[in-house]
Structures are given as structure tokens and as C-alpha cells.
Amino acid sequence: MRADRLVATLLFLQTRTRVTVAEVAAELEVSPRTARRDLEALSTAGIPVYSQRGRGGGWSLVGGARTDLTGLTAEEIRALFLLAGPASTTPELRTALRKLVRALPAPLRSGAEAASRAGLHDGTAWSRADVTAAGPHLDVLRRAVVDGIQVRLGYAGPGKPVGVRTVHPLGLVAKAGHDYLVAETERGLRTFRLSRVASVEATGEPVVRPHGFDLPTVWRSFAARLEERLYAATVRARAEPGAMAILERLFDGRLHVGPVLPDGWTEIRVDGPTPEVVATQLAGLGARIEVLDPPEARERLARLAVELAGVYGPPRAVPGSALHEEEQRPPPHTEPA
């Protein structure tokens, strides 16, 4: 316990120009005698701690000297463990966190341990499938990025067979439940979704980094171009009140809610890559949505209706439904002419 207390005393000295024995005792919740003995022990051990007697005196670090034990404040330590604790899925990260906890002084340790237990990372979707299918390639590519080694990447683009190419791994990015590799290729900087990576083989050749490469800047540029394509088209429609909650879940930030119309329905706008794609996504709500424009979206829905009717035929009357009651109702009685 005394070692922890000495480290805590040293960290407390770093935050103040000068401290008194009474202040150290209050901060560490020990007696003034114990605080003075600890300060003297630090000085005896060679730490540049000295005392100045008289009015305005106290204990100080010579020249504002600092220790490299952690260099972290209590708030920084809690933020670190809150972020890393729940996601510490690799043995290396768990070991590193355990070592860091042991290195922290006692006053900071309890907060760090509490932060590490404050959250949980669940890597599966509600369908029980992994959120990202990076598999073993994530670790291999992470080593290639850190070591600066080129790799031969087996990769299958959307709707394409697997092809092999040599790339220069520059960074890894996690976004929306998926991992991406940013790499230099013979055609310039590219991104590769790890769930589409079929194989990775290190070549042993060093990575050649583009001049001035900065991963956050490059990724923001990639993301901006992708978002521009995702929001390229807008479909205007009207929705019945009961459909609004479903629409909000389906489209999130791509849904723009307009005014409530006189009949109680709501005018909406939905963004997407093309009008046809948005119309297809809206089709599942059936008659609860009426697409107003553009014409391409309305035509897509009309074609879908014909295609589905051709495959499944007219709907069957389910007992208890309005259609079933209509079929069971006897024809109206008419008198013979």
C-alpha cells in the first residue's frame, strides 16, 4: 500500500506548484505524520522533491519535474477504460489493461476498474450473426499495417469474383459495424471491406506510404464521396400515421418529415442512391405509403406489384379478414322481373 501512496503523492505534487503536508494528508486521506514521512521518503529516494520552511513554504518538485508513470489524469484514465474495457476482446489488450491497472495509484485504480465494467460490447446482431465478418484477416492486416508490410489481398467486390492484388496497407477503420482497410494500390488509394476479403498473404516488402498521408483526412474524403452517392436521389411520398415509426427505424437520417396533411397523413421525403432503390425499400409498407414523385419511383412500384402478383397470384381470403367476410356475404336478393 505504501508504494501506491508514494506514487499518488508524486502525482499530486505534479498538479500543484507547492503543497503543504496538511494538503497531502487531506488528498490521500492519511495523517499529517504519514504524509510528511512519505514526502521525506520521496526525497531520500532521489526524486527531486524539496521542502521550503517559513511563511508560504511547502513541498515542491524541482523545476516542475514529472514522472512518466502514466501522465494521465483521473478523467483521462476513466475515459480510456470506458472505451477500451468493454472492447478488450484480444488477450493482448486485456493483459495491457491489467498491467495499467496495477501501475495506477490506489486513488485512481478504483475509478478505472469501475469504468471498465460500465459498458459491454456485443459483436452480434439481433439475428445472432456477427456484426462484421472480418474473421482472422483483421489481425493479419493489423500486423501488416503496424509493421509496414505489403500484402497480396484476395478480394471479391460486390457482384464480382475473387481477385488477387498486391496492396500497401496504410490503416484500418471501423464504421457502422464493419471494418475497412485503407490501402495504396496501383490505381491509387482504395478502401476494402474486410468482410469481402478472402485471403491475405504478407509479401515481406515494405509499404510505400504516399507523401503526407493522414488516415483521418483520407477516410473523411472517402466517407464524404460515399455519402454523396447514398443521398443522390430523393423520393417524395405521403404516409399514414401508423407507418411513421417504421419509417424512422428504416431510414433514420435519410427520412425528412414534412407537414401533416388534411386527411391525417404526413408528407415525407426519403433520400437514397436512386429513386428505384428507395421505392423498393418503401414497397414493404404497401398501401400505408403513397409515392408521389419522381415518376421513376412510381413506375418501380407498379412493376413490383405486377411481378409479385405474377409469382404469388391474388391474395387468399384469411378467416376473419375483411376479404373473407366479403366472400362469405350472400349476394343481395333481387325480385324476378
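The side chains of D263 and R238 meet in a salt bridge, with N and O 1.9 Å apart. A salt bridge here is a side-chain nitrogen of Lys or Arg within 4 Å of a carboxyl oxygen of Asp or Glu. The D263–R238 pair links distant parts of the chain: D263 sits in the loop between β9 and β10, and R238 in strand β8, 25 residues apart. Helices (H or I, at least four residues) and strands (E, at least two) are DSSP runs, numbered from the N terminus.

This is a predicted model, in which local features need pLDDT of at least 70 and side-chain atom pairs count only at pLDDT 80 or more, while totals for chains, interfaces and linings use all residues. Residues are numbered from 1 along each chain as its sequence is written, and side-chain values use heavy atoms, leaving out hydrogens and water.

Is D263 buried or exposed, or in between? D263 is partly exposed, because its relative accessible area is 46%. R238 counts as buried, because its relative accessibility is 16%. Buried means under 20% relative accessible area, exposed over 50%, and partly exposed in between (1.4 Å probe, protein chains only).

The salt bridges number seven by this rule. Another one joins E267 to R236, with the closest N and O atoms 3.9 Å apart. E267 lies in strand β10 (residues 266-272) and R236 in strand β8 (residues 233-239), so this pair ties together parts that are 31 residues apart in sequence. E267 is partly exposed at 23%. R236 is partly exposed too, at 28%.

R288 and E240 also meet through their side chains, at 2.9 Å from N to O. R288 is in the loop between α10 (275-282) and β11, E240 in the loop between β8 and α9, and the two are 48 residues apart. Salt bridges that share partners join R236, E267 and D293 into one network.

A cis peptide bond joins D293 and P294, with omega about 10°. P294 lies in the loop between β11 (289-293) and α11 (295-312).

Two other loops hold residues with positive phi. E29 has phi near 55°, a positive value in a residue other than glycine. E29 is found between α2 (21-28) and α3 (32-44), and is exposed at 75% relative accessibility. D252 has phi near 50°. D252 is in the loop between α9 (244-251) and β9 (255-260), and is exposed at 63%.

Now turn to the strands β1 and β2. Four bridges join strand β1 (residues 49-52) to β2, and the two run antiparallel. Strands pair if DSSP finds at least two bridges between them. The bridge partner of S51 in β2 is W59. In a regular strand the side chains alternate between the two faces of the sheet. From β2 (residues 58-61), G58 and S60 point one way, W59 and L61 the other, and all are buried.

Finally, the surface. Patches are made of residues with over 30% relative accessible area and no salt bridge; like charges are joined within 9 Å, nonpolar side chains (Val, Leu, Ile, Met, Phe, Trp, Tyr) within 5 Å. K160, R165, R187, R190, R225 and R229 gather in a patch of positive charge. R225 lies in helix α8 (residues 215-230). L226 lies in helix α8 as well. With L230 and Y231, L226 makes a nonpolar surface patch of about 260 Å².

Notes: Areas by Shrake-Rupley, 256 points an atom, 1.4 Å probe, with all protein chains shown as cover. Lys, Arg positive; Asp, Glu negative; His and termini not counted. Charge placed at Lys NZ, Arg CZ, Asp CG, Glu CD.
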